[in-house]
Amino acid sequence: MTQVELAGTTGLSPATVSNIVKELSGSGVLHTSVTSRSGRRATLVTLSHEIGLVAGVHFSSRHLRIAIADASTAVVAETHVPLSLDHRHDAELDRVVLLLGDMCDSLGTEIPDLLAVGLGIPAPVDRRTGMVSTPGLLRGWEGIDVGGSLEARVGLPVFVDSEANLGGLAEVRSGAAREAPAAAFIHVGHHISAALMIDGTPFHGVTGKAGQIGHVTIDENGPICRCGNRGCLETLAAGPALLDLFREDAGMHRVTDLVHAAEDGDASSQRVIADAGRHIGIAAANLSNLFDPERIVVGGELGLAGETLLAPLRHALERSALASADGIPEVVTASWADRAALQGAIALALENAPMPIEIADKTPA
Amino acid sequence: MTVTSPTKQSGGRPHENVLRLRGVSKRFGAVQALKDIELDVHQGEVVALVGDNGAGKSTLVKVLAGVHPPDSGEIEFEGRTVSIQSPTDSRDLGIATVYQDLALCDNLDVVSNLWLGQELTRGGTLDEVEMEQRSWSLLRELSAKIPSVRIAVASLSGGQRQTVAIARSLIGEPSIVILDEPTAALGVAQTAEVLNLVERLRERGHGVILISHNMADVMAVADRVVVLRLGRNNGTFRVSDVTSETIISAITGATDNAVTRRAAAKTAATPVPGDDLDEEPEA
């Protein structure tokens, strides 16, 4: 924002804004640079990097994404790596440290200068112990304090949550669910899970399992799920179940292949995605009967299919959810697409990071 | 530049079988290097070729690259039976190989390396502008992190050099790209760069044959894994179905040795009762 825009938004006089900006940039909180607006010289005001940078780390089932962001959540460095399906905590956390070190190097800083790390993993996390809540959901990461383990490696405060909760956090802070008092974020990709966002924070439950919509029973006699039950939503609508239908097809190995094929007009891919949408819609109807969200945001890799997935989802939701005067909850795609959890990890780190500079002392009384 | 494959369909599916090897054998004197090898590679598919030292991976690559013509067997390329007698045959078909040593000229800049031996000319002189522009667009398409295309390759990092070598193999828009140990001797960040590059190749519709000893890398980017053991096929796996332990046991022969063969012969002789009961009722 420029100084003039700041004055416009806050209603303060330009002189007051100029004074405040001068004072804050003197204390290192703000950074000013010259730019132009409608052809005129203007002063661009941003939060200074010196307040600190945080790192967001997101392990999805097949990808590791790492970003370093400044205090305004703007990403200044980002990297990602494809992962094998059965990734394990020790090797992968070591890799995070090495990659983070490299990224800090390229920014001219060091890991200890970061304020905090936000970490997302594709399984619910018990906040009392820092471990994965349910055995079977993420085999390579069970039985260890995930956050503590990374904390010991980087020497920084680490905040951990599930990728669904982080995705929800990103969408509530700066995405499709902004200003919704109650919203649900459904992550549909290799796994299916949801975040229940109440007044801007995820509801965790006692052991962190809240929102595990992927393990809602859809078919009592259905296929056996990795969680140990039968007929869970995941066995019908998650990535592996959908791709299994294309076993004969050599070019169909990833969820993104399926989405691309559907975009290219392949009828069977569209049908398979639509069927997944229908199943998710039934689970989403149960969810909205229990939780009554204002908006349901659908993210994750399969969420990239857009209306191919959402239209049947909405239809199933309409059929099975209790209607209210406002109709059914609004179903929208995630505005952060498949980067939601990464952005959420950054937000989590920023919101919990210890502030290095005492801003309150230096602002005019 | 577009993916110019004559068999590319508008629907995106089904993916065409680009390369098909059946019964390929190669013998060096008394050594049977390859025996009855089968291999399929489809459009937009990453096939990892793994095996212990001496399993025949490199020989198979050299057969495909035209260095060693096979003694017997059939090679089909895009549905036609072909014979690969020389590296030129291989390149003309659309098979590009990136060797472990990359074969880059350290003293030349990125553009010169990319177009070495296939320079564009206009009116008898080198068309530097066109070459530089096409280099940029190719590198951008691969999301390559190269600071400038006019710096000598010697000053690039290991990952960037690998990127340049892979980009060079794409100049002729090949259908198959063979990468021989692309992540060996690279750091973690450079490995990440190369793995992302393999994903890009896959998205562009190239068939990729990836040779690697690193199981984590193989499991991260490959769609199928073909295991060679002592010059023979020892199993083909879909990555989504198996763990790296299964593949390692196939590489080392833990799944196929004298003991297991004897056990298999025994069970085959006496059929297990209730063998026909394990079908899914609702399938």
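Student: At what angle do helix α3 (residues 89–106) of chain A and helix α4 (residues 146–154) of chain A cross?
Tutor: In this predicted model, the axes of α3(A) and α4(A) come within 10 Å of each other. Axes are lines fitted to C-alpha atoms, for helices over the stretch in contact, and angles run from 0 to 180 degrees between N-to-C directions. Helices (H or I, at least four residues) and strands (E, at least two) are DSSP runs, numbered from the N terminus. The two helices cross at roughly 40 degrees.

Student: Is α3(A) parallel, perpendicular or oblique to α4(A)?
Tutor: Angles under 35 degrees count as roughly parallel, over 145 as roughly antiparallel, 65 to 115 as roughly perpendicular and the rest as oblique. With a crossing of roughly 40 degrees, α3(A) is therefore oblique to α4(A).

Student: What pLDDT do local features need in this predicted model?
Tutor: Residues are numbered from 1 along each chain as its sequence is written, while chains are lettered from A and ligands numbered from 1 in the order in which they are written. Totals for chains, interfaces and linings use all residues, side-chain atom pairs count only at pLDDT 80 or more, and local features need pLDDT of at least 70.

Student: How do the residues of the contact of α3(A) with α4(A) divide?
Tutor: H89(A), L93(A), V96(A), V97(A) and L100(A) in α3(A) meet V146(A), S149(A), L150(A), R153(A) and V154(A) in α4(A); residues are in contact if their C-beta atoms, placed from the backbone, lie within 7 Å. Ala, Val, Leu, Ile, Met, Phe, Trp, Tyr, Cys and Pro count as nonpolar, Asp, Glu, Lys and Arg as charged, and the others, Gly among them, as polar. The contact of α3(A) with α4(A) divides into seven nonpolar, two polar and one charged.

Student: Is the crossing of α9(A) and α10(A) left-handed or right-handed?
Tutor: Helix α9 (residues 267–291) of chain A packs with helix α10 (residues 307–320) of chain A at an angle of about 35 degrees, the axes being 7 Å apart. A crossing is left-handed if the near helix is turned anticlockwise from the far one by less than a right angle, and right-handed if clockwise. The crossing of α9(A) and α10(A) is right-handed.

Student: Which are the edge strands of the five-strand open sheet of chain A?
Tutor: The strand order is β5-β4-β3-β6-β9 (chain A), with mixed pairing; two strands pair if DSSP finds at least two bridges between them. An edge strand of this sheet pairs on one side only, and these are β5 (75–82) and β9 (158–162) of chain A.

Student: What is the bridge partner of G56(A) in β6(A)?
Tutor: Strand β3 (residues 54–59) of chain A pairs with strand β6 (residues 117–121) of chain A in the parallel sense, over four bridges. Within β6(A), G56(A) has as its bridge partner G118(A).

Student: Which helix of chain A gives the largest share of the side that touches chain B?
Tutor: The contact involves 25 residues of chain A and 24 residues of chain B. On the chain A side, β5, α3, α7 (239–244) and α8 (255–263) each supply at least two residues. The largest share, five residues, comes from α3(A).

Student: Which element gives the most to the side of domain 1 of chain B that touches domain 2 of chain B?
Tutor: An automatic or database assignment supplies the domain bounds: domain 1 of chain B is 44–70 + 83–94 + 174–283, and domain 2 is 107–156 + 164–172. Eight residues of domain 1 of chain B contact seven of domain 2 of chain B. β9 (176–180) and α6 (188–203) of chain B each supply at least two residues of the domain 1 side. The most, four residues, come from α6(B).

Student: Which residue in the turn between β1(B) and β2(B) has a positive phi?
Tutor: Strand β1 (residues 17–28) of chain B and strand β2 (residues 31–42) of chain B pair in the antiparallel sense over eight bridges. V24(B) has I37(B) in β2(B) as its bridge partner. The two strands form a hairpin with two residues between them, and the turn residue with a positive phi of about 60 degrees is G29(B).

Student: Why is one side of β2 and of β5 (80–82) of chain B left without a neighbour in the sheet?
Tutor: The open sheet has four strands in the order β2-β1-β4-β5 (chain B), with antiparallel pairing. One side of β2 and of β5 of chain B is left without a neighbour because each stands at an edge, with a single partner strand.

Terms used
Contact = placed C-beta atoms within 7 Å.
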